[in-house]
Amino acid sequence: MTVLQRLFSFNGGVKPAYNKEASTGLPIAMAPMPAQLVIPLHQSIGGTPRPLVAAGEYVLKGQRIGGADGDVSSAVHASTSGTVVAVEMRLMPHTSGLSARCVVIQPDGREEWIPRQPFDYRGATPEQTRDYLRDAGVVGLGGAVFPSYLKINPGKSGKLDTLVLNGAECEPFITCDDVLMRERAASILKGALIMREMLGAARVLIGIEDNKPQAIAAMEAAARAANEEAGHPAMQVVAVPTRYPAGGAKQLIRVLTGIEVPHGKRSTDYGVQCFNVATAYAIYEAIALGQPLISRIVTVAGNVARARNYEVLFGTPMRDLVDLCDPRPDSDRVIMGGPMMGLLMPADSVPVVKAANCVLVGSPKLFPAPPPEMPCIRCGECAKACPADLQPFELYWFSRARIFGKAQEYHLFDCIECGCCAYVCPSHIPLVDYYRFAKSEIWARETQKEAADVARERYEFRLLREERDKQEKAAKLAARTVAARATAAAALAAAEKPVITAADVAKKALITAALERARAQKAGVRQENTGNLTPGQQAEIAAIEARRAEIREMAKPHLRQDD
Amino acid sequence: MNNSPYLLQPASVQSVMLRVLIALLPGIAAYVWFFGAGILVQIGLASIAALAAEALMLALRGKPLQLFLGDGSALVTAWLIALSFPSIAPWWLTVSATLLAIIVAKHLYGGLGQNPFNPAMVAFALMIVAYPQLMSQWPAAGATDFAMQWQAIFGSRMIDAITMATPLDAVRTALHAAHANTTVAGVLAANPAIGGIGGKGWEWVAAGHLAGGLWLLRQRIITWHMPLAFLAGLCLVAGLFNLIDGARFAAPLFHLFSGGAMLGAFFIVTDPVSGATTPRGKLIFAAGVALLTWIIRSFGAYPDGIAFAVLLMNIAVPLIDMYTQPPVFGHKDGEAR
């Protein structure tokens, strides 16, 4: 059934060459087992999971090797059976070149699974299901790797209007969602139905860019079948115009529903929730098959002779994948993600992680170094291209001049770092780098300010406490004096008219002191302006703080003076 | 190696400036056709002066010469100066104006992208204040040949013989003379060299700039906001006063096609560096220029007011931009920022 869906539009966006055909010619292939799997414990937004295994231990395929730690965190699992060789610091798939704790597994080649059984989510409470998904390691596979269990929550109202499945896949070169939808449409929709039930969503809109006709056809057929089975036309596939970044969650929600979710707000407050199609598939695997997330589809493309999509176990070195695809001799870099938002890898030995939707091989010819940066001429091309309706050149001026307050006033944090502004800039200014710089500076200052606030509060409380102790002592002394006098008076005036006993006086003094203390405590407690951050934001800040600390550590040898 | 994005659209400041120069060609062609090749000499003089001044300043400021000299921005300034000056102005007038524009109005403020005032208009305003006589001598259509123009530019030939007032000037001067019975129509009719819509020949130059400007719009180098707001603003205010007192105030069409209105609408008001940047800001900025232009044309001491109007509005740009920031994604329901 083709229901005509009214589409909305977002402003801005760009249309780079898509280069998607090269990797969609062949079906998904299973990547071969590498000699060793290096599985980073930290693969999602939020706290780093605690290691649950030690060197020398034997692990089964799908066995939990990292347990979720904190409110925002997600488990990680052994991608195959074998022996844990080490739990140690290894190079991470991040531009910073930092290392983090990884579990190194020597595969035994037997691929021996843990016992798998479907999870009865209908018989479980929502909390139990969410805990299950957290422990199954399901995170957003569009690239943001936000723990999915936190998003499968309808919020206060208990139900939503729309569940959006994001199959837009707007970045050039990347086709992992495309082929997944072509080959596993029915399973994706089963995952979507589970999410729909948990979210109480009235309808499911599946947004796919119209440059993927085969994926649209496959998903439409599957949606028809699913709707017939359910006897209810809840699922609808919608072809959306091809324009980067149509696959940004907020942009896709806007295109499909007309709702604009402001920065820092939960989309569920607006009755919408959005998941990537690959995440829906992962939820299907976790709940219907009892398999935790141990692999994903990865596009290998760019400067290779045979681009293709592979199902890759987490921990597989990117180099192994690149070698499968015949990289051309002038290849000089590996990028995780697409050419608009992807991260430059510090080496091709880094492992594939949950965020790795694409391993993009670059060359000086494919991605030439940008021409020399020229001054901004305020032509406004960036503003025309910005999908968040920002004035990027103003943010650039403020960031460059370190006027961070103004940058925030001009909505720096609404920037999604999609790269459209830098893509169109005739002066070739690396605009996004300026925003990244400004954001991290602001986060650092806020953290510093918070630490200073805490210290100041502690100091003020100490002063209060000392004052209180002094007063209490004085009160006690007074009470004792009064008591002594009363005793003396009582002794003097025989036992004829007892007016106030000494005990009463002492009690009164103590009550006064207690009241004083309560008041002092009340004054000591202050409202913190950073108190109402979402868990996501807190996690983001924590992650950035950790990265900063490590960068500082790394930079120390290069710095003559202490900063 | 750089960070994402790794893809860049093939665009450059150079290609932007080059397309602006190309868009000026139709207007220049019409200019040459009606008024002789003197304008080409002026363009050449201004270009050489601009490039020399640019090179000097870049060298003094320690900037990469080739990169910035090749960006074409100095040439755009030079051409706009040549096109807004009389084509028979003496060579030193054009050259010193160009030097002023590039050295003072552009580089002393920080160079490309940093100048708060439109350099070409700074040059025009300074020169019309300093040399009002020389800046008001325009060749009449078909009245001079190239040799005479050459002599006017480089020689010391008495040039009064070959010049005449521009239509704008004629109308303004006549009306300022305060003869109770002078009317716009009367002035235009009494002077045979002034004909058509905006003066004989000038309307074709204006049409050439209009064509070039529309091409720039198609090329997405400029947006519709500024030209439309400027031309509509000029039309509106001129039309209103023309309706009130047709004898004293010229018709809108006359304003649109005389003086630098078309050049201004598409090439001067639209200067991105010194103009407003937000969509609403662009409308306000250009409408403000139009209003001031009309006021100066009608009541001021100078024949054309675009230069002063642009400079005055340049001052207001930071304020305009600040108050016209467009709503950001997700904050469109009037939520305070």
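I began with the domain assignment of chain A, which gives domain 1 (118-290), domain 2 (299-362), domain 3 (381-439) and domain 4 (441-527 + 534-547). I note at the outset that this is a predicted model, and I read every entry below with that in mind.

**Entry 1, domains 1 and 2 of chain A.** I looked up how domain 1 and domain 2 of chain A sit relative to each other, and found that their centres, taken over C-alpha atoms, are separated by 26 Å. Where they meet, 12 residues of domain 1 of chain A are in contact with 14 residues of domain 2 of chain A. The side that domain 1 of chain A turns to domain 2 of chain A has 9 nonpolar, 2 polar and 1 charged residues.

**Entry 2, a sheet in chain A.** I then followed an open sheet of 4 strands in chain A, whose order is 11-10-9-12 and whose pairing is parallel. Its edge strands are strand 11 (235-240) and strand 12 (272-276) of chain A, each of which pairs on one side only. From one strand to the next, the twist averages 25°.

For Thr162(A), I found that the bridge partner in strand 12 of chain A is Val272(A).

Helix 3 (residues 176-199) of chain A touches strand 9, strand 10 (201-209), strand 11 and strand 12 of chain A, and its direction makes about 160° with that of strand 9 of chain A. Helix 4 (residues 213-230) of chain A touches strand 10 and strand 11 of chain A, with its direction at about 165° to that of strand 11 of chain A.

Turning to the contact between the chains, I found 45 residues of chain A in contact with 32 residues of chain B. On the side of chain A that touches chain B, the elements that give two or more residues are strand 15 (333-336), helix 11 (420-424) and helix 12 (431-492) of chain A. Helix 11 of chain A gives the most to this side, with 3 residues. By class, the residues on this side of chain A divide into 27 nonpolar, 10 polar and 8 charged.

For chain B, the domain assignment gives domain 1 (12-164) and domain 2 (166-324). I found 32 residues of domain 1 of chain B in contact with 31 residues of domain 2 of chain B. Helix 1 (13-35), helix 4 and helix 6 of chain B each supply at least two residues of the side of domain 1 that touches domain 2, and helix 1 of chain B gives the most, with 13 residues. This side of domain 1 of chain B divides into 25 nonpolar, 6 polar and 1 charged residues.

I ended with helix 6 (residues 119-130) of chain B, whose 12 residues reach 17 Å from the first C-alpha to the last, close to the 16 Å expected at 1.5 Å a residue. Among the buried residues I noted Pro119(B), Met121(B), Phe124(B) and Ile128(B). The buried residues of helix 6 pack against helix 4 (73-84), helix 5 (91-107), helix 13 (261-268) and helix 15 (306-323) of chain B.

How values were computed:
Residues numbered from 1 in each chain as written. Chains lettered and ligands numbered in written order. Predicted model: local features only at pLDDT ≥ 70, side-chain atom pairs only at ≥ 80, totals over all residues. Expected span 1.5 Å × (residues − 1). Buried ≥ 20, exposed ≤ 12 C-beta atoms within 10 Å, placed from the backbone. Contact = placed C-beta atoms within 7 Å. Nonpolar A, V, L, I, M, F, W, Y, C, P; charged D, E, K, R; others polar. Pairing = 2+ DSSP bridges. Axes fitted to C-alpha atoms, helices over the stretch in contact; angles between N-to-C directions. Domains from an automatic or database assignment.
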